Structures are given as C-alpha cells and as structure tokens.
Amino acid sequence: MHGFSRAALAAMIWTLVSAQVAAAPAAELPRLVERDGRHALLVDGAPFLVLGGQAHNSSNYPAALPKVWAALEDAHANTLAIPVAWEQVEPEEGSFDFAYVDTLVAQARTHGKRLVLLWFGTWKNTGPAYTPEWVKFDNRRFPRMLDADGKPSYCLSPFGEATLAADRKAFVALMRHIRNIDAARRTVIMVQVENEVGTYGLVRDHGARAEAAFRQPVPKAVLARQSGPAGRPAQGSWSEVYGDYAGQYFHSWAIASYIEEIAKAGRAVYDLPMFVNNALREPGQTGQPATVWKADFASGGPTWDVLGIYKAAAPHIDFAAPDIYMPESSKVSAVLAGFQRSDNPLLVAEMGNAAGYARYVWQIVGKGALGVVPFGIDYASYSNYPLGSKYTDRRMVEPFGQVYKLLAPMSRLWARWAFEGRTHGVAEGDDRAPQTVAMDGWQATVTFREFQFGEREYLRDKNEYAEGTEQPGGGVAIAQIGPDEFVLAGQRARVKLAPGTGKPSMYARVEEGRFDAAGKWIMERNWNGDQTDYGLNLPAEPTVLKVKMRTYEY
Ligand code: DGJ
C-alpha cells in the first residue's frame, strides 16, 4: 500500500475529475450564419442539414414517444420536431412541470436525434387550444380579438398585455430549463415560437388598444421593409400608407411584435435559433403585390407577402418557414422561392407526409435549405389524410425513409456544399416535363418516366412508360464539388450533363457508391456502357453517383 491519506486520495481524484470536466467544453451553441445571401445552421460548430420528422400534435407526452421514435428511426431522420404545450408545462399558474421535456431530451439522446421544440402557446393554428385552462376561459384577463362591431373572435388578441406577460413568463421558464439540462449537449437545436399564427375570418383586432395603435403612424422600421401600393404616401397611419392592405399589415405587425417580446426574452436566457411557421396563403410571385385579404387565409401570419413586416417587428425571429400542404409542384416551387431570401433562410417546417411529397426533398435540399420536416412521422393511430398520408405505418414513412437513408450519411457534407452555393435540386413536376439546371460551366437536363435504355423515339409505343412512374416521384439533387465534378443523388430520373461551352464531352468516371459518416467516398462500382449510354438513369431506389466529366478537342 502507498502512503496517501484518504483525504489526499480524495483530493487527487477530485482534481482529476474536475480537470476532465474542464477539458470537455460545452458543445457550441447552435446558430445561423449567412454568407453571400446563403444560410447555414451550425450545430456543434458545422453546417447541419435537418432531415426531420414532426410528431403528431398530441404526441407530446412520454407515453406517446415510443411510436414517434419508431417512425423517426424508420425514416432515418436526424431531427424530431415536437410540441411543448403551455397547458402541459404550466397547468396551474406559476407552477411549472418540465418532466415531459426531461424525458424527451433524454430519449432524443438515446436515439441519437436532435430536437426542434415547437412552443404551442397563445396561438396554435391561430387558436388558444394549447393555453392552460386558467388562460383559455378567462377572457377578461386574456382578451380575445374583437371585430368592428365589438363581437369577440375565437382568437386571443395580440394586444392582450396580460396574455403576453403570461406566455412570455412560461416560455422563459422553458428556455431556462432547456439551458439547464442541455447547454452541455445541445440536443435541442432550434425553437419554433407559437404555431401557425394569424386569425381566420377577421383581418385585425378592433379592441380599444388595437384601435389606438392602428391610428398611430406606421413605425419607421416597418416602412423601411414593407412598401405600400403605388401612389400612396410614404408615411402616415396604416390606412394612409397601406390602403386596402392596412388591416392585414397592421395585424401582421401586431402579432410579430408580440412574438418578438417572447422570443427576445427567451433568447436572453438561452440563445437558440428561433423561427415562426406559416399556414400558407396561395403563393404569388415574389416582389409583386398580393391581392387584398378576402378571408382566404389567416390574416397576420407570416405569409410570403408580409415577411418584411416580420423582419422589422421581430428581429429575434431568425426566419419564417412555410408549412407545405399544397401538393401541386408549381405551387411548391413558388412557395420555396417566396420563402428563400437573403434575409430569410429556408426551412420547410412542415410538409405533407403523403408519398407524393417525398420527391420535393430532392428539390428542397438542392436549393440549399436548412432542412425539411414532413409532418406526422409518427406511428400514432392517427392520419391527417387528405393533407397527408392515409397510412399510419411503414407505408407512410417509407418514401421519406428511402431518401433520408441515402442523404443522412452525407448530410453534413451536403450542408457545407449548400452553404458554399454548390447545390441544385429538382423534383418531378406534375406535368412530367424535362427540367434544366444551370451550373458553373455545365448544364444538367433532367427527364422523367424514361426507360433506362434507349431514347423515347426508339419505342414502338411512344406512350409506354416505365413501371412505377404512374405518379410523379422523381427527383435529383446535384452538388458541383469541383469544376467538372458532381455528386448526384436522386431517384426515378435521367440526368444528362453537357458543358455550357458546347464542346464535346465524355464521362471520365461515373462512380456509384456512398459517403460514409466521416464524409469519405466509398466507391462501389463504375458505371459505363449501357449504364451511361443514355444518360445517368437513377433507378427507383435512391442512388448516389460521383461523376467526373471531361471535355475534349478533335
Ligand atoms: C399545420 C399545423 O401546424 C400542424 O400542427 C397540424 O395541425 C397540421 N397543420 C395538420 O395536421
């Protein structure tokens, strides 16, 4: 035996242990970065691609989680988006219960998933259903909006001072709790503040405080970001500047300002990236004036036409994200274009989980989005058909699982390429027509419904199509990783690459393989002969190719 006393030994052990603790620094705080109008979400200090899944609304209880994790695993998702409801964390005013959050975070770690927490507070799909009972039924203290005749709406007023104070207090308690349990691990990477805000059926609040605010001059910050219709004064009251749009713009400002107070207070205790999600209005052409609100969407929500107001009023909200439940390919493209701006990173916060949506993942990741989150990746016995899939089992998850399985190992690489502006993506359109992608010095032509061998004109029956292509299901994401080098990931598509110069070119290599978790390319075989004579025919099963092109002179 050596001669150390118990106390000395204990002191030595303590020194060793604390040195170890000190040597393991907390992981970096997740944050958003911007360069040349492109964006990345940094998680543990490096770009991260959210290959997400959202749980059903009522799966925010420990007993519901096993069915969520099972679906997430089958989907090969790296991130779970899931509600934390005000009603569950503060059932009695002032007494907080974060047991569910603790279970959720612990289980996310076991499953190797990150979390995006959705704060269901004052507004969930515009309504107060997720507020605690002591809020929901006390309309004197927590007023609802009033119409022009003084008749109450279902929707809580953004001018309710007590409502804001109470929601903010609960949200701050949540953020403090997350910081306490997660600052060393960063399992929680983003927080959505409220859910699909706005109001159906009423363009703005007419309560006394709202009326007084409506008569005030439009704040300078709003004027700087949101111009009014042509021919109207550049400043003045909401009605003067925005005319027929005044009600919607004012309500957007009121809700965004309310959310700002909550986000700002939450970030003061734990500075995670925060965003809002949008129940879409019909997409329009970015930059052109929208039509006036005709009770055809939730007024006051962060629709594409009022993003400037949200930027002005809610600087602590990093971006507004679309919830895509419009299956038409032309609308999806318009929505993505409307929400991807140099001042607004693109995250598809929700998307239908019906099979037809899976092909949009190629387009979304190709566009350099922060990520995509199909809704209802959850084996709870519940389907939101016709918005999403009829199925609640593997048949629902599979189309997304196939795509994520391929992308997951290369997701860190992909996020870096996207941030560098190297990526492009297309999804098969409802018209099944060819699409072209302009890249640096090269062009890709993507066609669909092809057989793998030969050209369409070789077919006796020109209307004969490859099996399994009855519904649009193709897509490809392309990263240009060098001047003449590409990574193609996709399915059910034929890709032909041609140089912009018009010079003759050939494939130097067409390697099929995969990236391992460390980002190293593992080549499995080289495509040649029939496999390249008619373009690069990506089969139904998602496939990754690493392609090297060369031009030559005669
Ligand atoms: C969009 C909402 O944000 C979700 O919480 C959910 O209600 C879906 N709509 C419909 O399932």
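Across the interface of domain 1 and domain 2, two residue pairs are in polar contact, both at pLDDT 80 or more. A polar contact is a pair of N or O atoms within 3.5 Å; within protein, one must be able to donate a hydrogen and the other to accept it, and residues adjacent in sequence count only if both atoms are side-chain atoms. Helix 13 (360-366) and helix 14 (394-407) are the elements that give two or more residues to the side of domain 1 that touches domain 2. Helix 14 provides the largest share of that side, four residues. By residue type, the side of domain 1 that touches domain 2 divides into six nonpolar, two polar and one charged. Here Ala, Val, Leu, Ile, Met, Phe, Trp, Tyr, Cys and Pro count as nonpolar, Asp, Glu, Lys and Arg as charged, and the others, Gly among them, as polar. Helices (H or I, at least four residues) and strands (E, at least two) are DSSP runs, numbered from the N terminus.

The model is predicted: local features need pLDDT of at least 70, side-chain atom pairs count only at pLDDT 80 or more, and totals for chains, interfaces and linings use all residues. Residues are numbered from 1 along each chain as its sequence is written, and side-chain values use heavy atoms, with hydrogens and water left out.

Domain 1 covers 30-409 and domain 2 covers 435-551, with bounds that come from an automatic or database domain assignment. Taken over C-alpha atoms, the centres of domain 1 and domain 2 are 36 Å apart. Nine residues from domain 1 and 16 residues from domain 2 take part in the contact, where contact means heavy atoms within 4.5 Å. The two domains bury about 910 Å² between them, 63% of it on carbon and sulfur atoms. Buried area is the accessible area (1.4 Å probe) that two parts lose on being put together, summed over both. Of the area that domain 1 buries against domain 2, 60% is supplied by Arg359, Trp362 and Leu406, more than by any other three residues.

No salt bridges are found across this interface, while the structure holds 29 salt bridges. The term stands for a side-chain nitrogen of Lys or Arg within 4 Å of a carboxyl oxygen of Asp or Glu. One joins the side chains of Asp74 and Arg394 (3.4 Å, N to O). Asp74 is in helix 2 (residues 65-75) and Arg394 in helix 14, so the pair links distant parts of the chain, 320 residues apart.

The ligand is surrounded by residues including Asn57, Lys124, Asp323, Tyr325 and Glu350, each with a heavy atom within 4 Å of it. The table gives distances from an oxygen atom of the ligand to a side-chain N or O atom.

| Residue | Distance to a ligand oxygen atom |
|---|---|
| Asn195 | 2.8 Å |
| Glu196 | 3.4 Å |
| Asn384 | 2.9 Å |

Two backbone features remain. Most residues other than glycine have a negative phi, and most peptide bonds are trans. The peptide bond from Tyr385 to Pro386 is cis, with omega near 10°, and Pro386 is in the loop between strand 13 (371-374) and helix 14. Arg186, not a glycine, has a positive phi of about 60° and lies in the loop between helix 6 (161-182) and strand 9 (188-195).
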